[in-house]
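Look at the chain and its fold. This report covers a sheet, a helix that crosses it, and pairs of charged side chains.

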Amino acid sequence: MCIRDSRPYMETLLKRIEEEEKVDIGKTAPYFRIRNTEGKDINRSDFKDKYLLIQFWASWDTISREKNAMFRRIYKKEQKNKNFALMGISLDLDREKWLEALKQDTLKWEQTCEYSGWDGDVAKLFSIHTLPANILISPTGKIEGKNLDEKAVSYTHLTLPTNRE
């Protein structure tokens with residue numbers, strides 16, 4: 001392969017790097033709007049003044065489904081914390097399969113889906129290329145962490161102010 005033949009690959013790689021840099025830790029999270037299970041538009045501003053942990057997953061991804069147990073534990077622990085919210089964004093294509101997975105996995109926090117898979121606007125905005133994935137956004141809209149495990153999320157919450165009832 002000559003250098004000229006590799007140009008499309010280089011351009012693709014550079015584009016991917018640029019996408020990743022836009023949503024790097026410390027950057028402002030992009031604005032998004034997506035519909036929830038009831039068809040209501042949900043956007044980043046709905047979580048103003050809260051830490052928001054966004055979980056990217058899909059009903060067809062077995063690892064995502066396994067990770068749902070971790071998010072259930074986080075939700076159970078933090079559901080009364082007024083400074084924290086959890087939101088699922090599914091990359092499903094089929095509404096019925098998505099809703100069935102929500103029921104089977106008992107996902108009670110805010111759940112959303114565009115039914116566009118990898119081509120969904122929000123997945124593209126956050127440069128999601130693998131599942132499962134998660135992003136922690138601060139109350140000021142900055143990206144605080146990416147692909148955190150349960151221990152990292154718990155540690156983060158030790159340093160967060162809580163406002164529990």
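The text below takes the sheet and then the salt bridges.

This is a predicted model, where local features need pLDDT of at least 70, side-chain atom pairs count only at pLDDT 80 or more, and totals for chains, interfaces and linings use all residues. Residues are numbered from 1 along each chain as its sequence is written, and side-chain values use heavy atoms, with hydrogens and water left out.

**The sheet**

Helices (H or I, at least four residues) and strands (E, at least two) are DSSP runs, numbered from the N terminus. Two strands pair if DSSP finds at least two bridges between them.

Five strands form an open sheet. Their order is β5-β4-β3-β6-β7, and the pairing is mixed. From one strand to the next, the twist averages 20°.

Strand β3 (residues 51-57) pairs with strand β6 (residues 133-137). The sense is antiparallel, over five bridges. Phe 56 has Ala 133 of β6 as its bridge partner.

Helix α2 (residues 62-78) lies across β3, β4 (84-90) and β6. Contact here means heavy atoms within 4.5 Å. The helix runs at about 160° to β3. Axes are lines fitted to C-alpha atoms, for helices over the stretch in contact, and angles run from 0 to 180 degrees between N-to-C directions.

**The salt bridges**

Side chains of opposite charge can pair when their charged atoms come close. A salt bridge is a side-chain nitrogen of Lys or Arg within 4 Å of a carboxyl oxygen of Asp or Glu. The count comes to three.

| Pair | N to O distance |
|---|---|
| Arg 35 and Asp 41 | 3.0 Å |
| Asp 105 and Arg 65 | 2.6 Å |
| Glu 150 and Arg 73 | 2.8 Å |

Asp 105 lies in the loop between α3 (95-104) and β5, and Arg 65 in helix α2, so this pair ties together parts 40 residues apart in sequence. Glu 150 in helix α5 (residues 150-158) and Arg 73 in helix α2 are 77 residues apart.

Are these side chains buried or exposed? Buried means under 20% relative accessible area, exposed over 50%, and partly exposed in between (1.4 Å probe, protein chains only). Asp 105 is buried at 9%, while Arg 65 is partly exposed at 22%. Arg 35 is partly exposed at 48%, and Asp 41 is partly exposed at 34%. Glu 150 is partly exposed at 24%, and Arg 73 is partly exposed at 45%.
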